[in-house]
Amino acid sequence: MCNHVSEASVRVYLPATLPLLGRLHADGALRVVAGQAVTGTLREWYAEGDDEELEYVAFTRAAQAALALLAADPAAPRRRAVVSVDLPASQALPASTELGDSEVTVTGSVPLAAVAALHVDGADAEPAVAAAADAILAAASGDGDAQFTVDGAEDHELEWYDVSELADLVAS
């Protein structure tokens with residue numbers, strides 16, 4: 001009889017860019033500090049939401065955070081990326097106790113083996129994502145027009161890729 005108790009895992013959505021996916025492919029791991037997940041405070045804030053809806057909120061917030069990464073890296077192709085990973089709960093700690101918050105602090109590196117799926121904008125989204133990346137800081141400061149531009153990127157659904165397609169994604 002085995003008395004080993006395995007730690008629960010948490011699905012975490014990591015904002016990324018194509019260059020970060022290249023690093024994941026080259027290094028076999030990704031060093032990140034923050035992601036989005038279904039936290040207790042998100043669940044409490046959106047009590048009527050089922051698990052799928054809560055996961056979608058966390059995923060959408062990770063896609064928005066990818067815009068900030070693009071704004072910080074002007075050389076990166078203007079395509080958002082989100083890496084869905086399954087991490088031990090001890091490696092994804094809630095970043096705050098603010099009601100509705102889904103941000104988690106990710107400790108340690110995230111190995112490629114933890115990646116469940118990759119999500120990347122299609123090429124047709126590049127103009128909207130480029131405009132949103134340019135507007136993200138102004139939107140965060142309360143500029144309504146900039147927020148409208150940022151919201152326009154959300155009209156584009158990120159495409160799903162299996163982990164086995166990582167090499168093809170970074171080669172394109």
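## Salt bridges

Arg11 and Asp86 form a salt bridge, with 2.6 Å between the closest N and O atoms; the term stands for a side-chain nitrogen of Lys or Arg within 4 Å of a carboxyl oxygen of Asp or Glu. Arg11 lies in strand β1 (residues 9-16) and Asp86 in strand β4, so the pair ties together parts that are 75 residues apart in sequence. Helices (H or I, at least four residues) and strands (E, at least two) are DSSP runs, numbered from the N terminus. Arg11 is partly exposed at 30% relative accessibility, and Asp86 is partly exposed at 31%. Buried means under 20% relative accessible area, exposed over 50%, and partly exposed in between (1.4 Å probe, protein chains only).

This is a predicted model, in which local features need pLDDT of at least 70 and side-chain atom pairs count only at pLDDT 80 or more, while totals for chains, interfaces and linings use all residues. Residues are numbered from 1 along each chain as its sequence is written, and side-chain values use heavy atoms, with hydrogens and water left out.

The structure holds 3 salt bridges. Another joins Arg80 and Asp121, at 2.7 Å from N to O. Arg80 is in the loop between α3 and β4 and Asp121 in the loop between β8 (115-120) and α4, 41 residues apart. Arg80 is buried at 2% relative accessibility, and Asp121 is buried at 0%. Asp51 pairs with Arg43 in a salt bridge, their closest N and O atoms being 2.9 Å apart. Asp51 is partly exposed at 49%, as is Arg43 at 40%.

## Gln91

Gln91 sits in the loop between β4 (81-88) and β5 (92-94). Gln91 is buried, because its relative accessible area is 13%. Leaving aside residues up to four places away in sequence, Gln91 touches Thr105, Val106, Thr107, Gly108, Ser109 and Val110; contact means heavy atoms within 4.5 Å.

## The largest pocket

The largest pocket has a volume of about 250 Å³. A pocket is an open set of points on a 1 Å grid over the protein atoms alone, where a 1.4 Å probe fits, with protein on both sides within 12 Å along at least five of seven lines; lining residues have an atom within 4 Å of a point. The volume is the space filled by probe spheres set on the points.

Among the lining residues are Gln36, Arg61, Asp101, Glu103 and Ile136. The helices α3 (51-72), α4 (126-140) and α5 (144-153) each supply at least two residues of the lining. By class, the lining has 5 nonpolar, 4 polar and 3 charged residues. Ala, Val, Leu, Ile, Met, Phe, Trp, Tyr, Cys and Pro count as nonpolar, Asp, Glu, Lys and Arg as charged, and the others, Gly among them, as polar.
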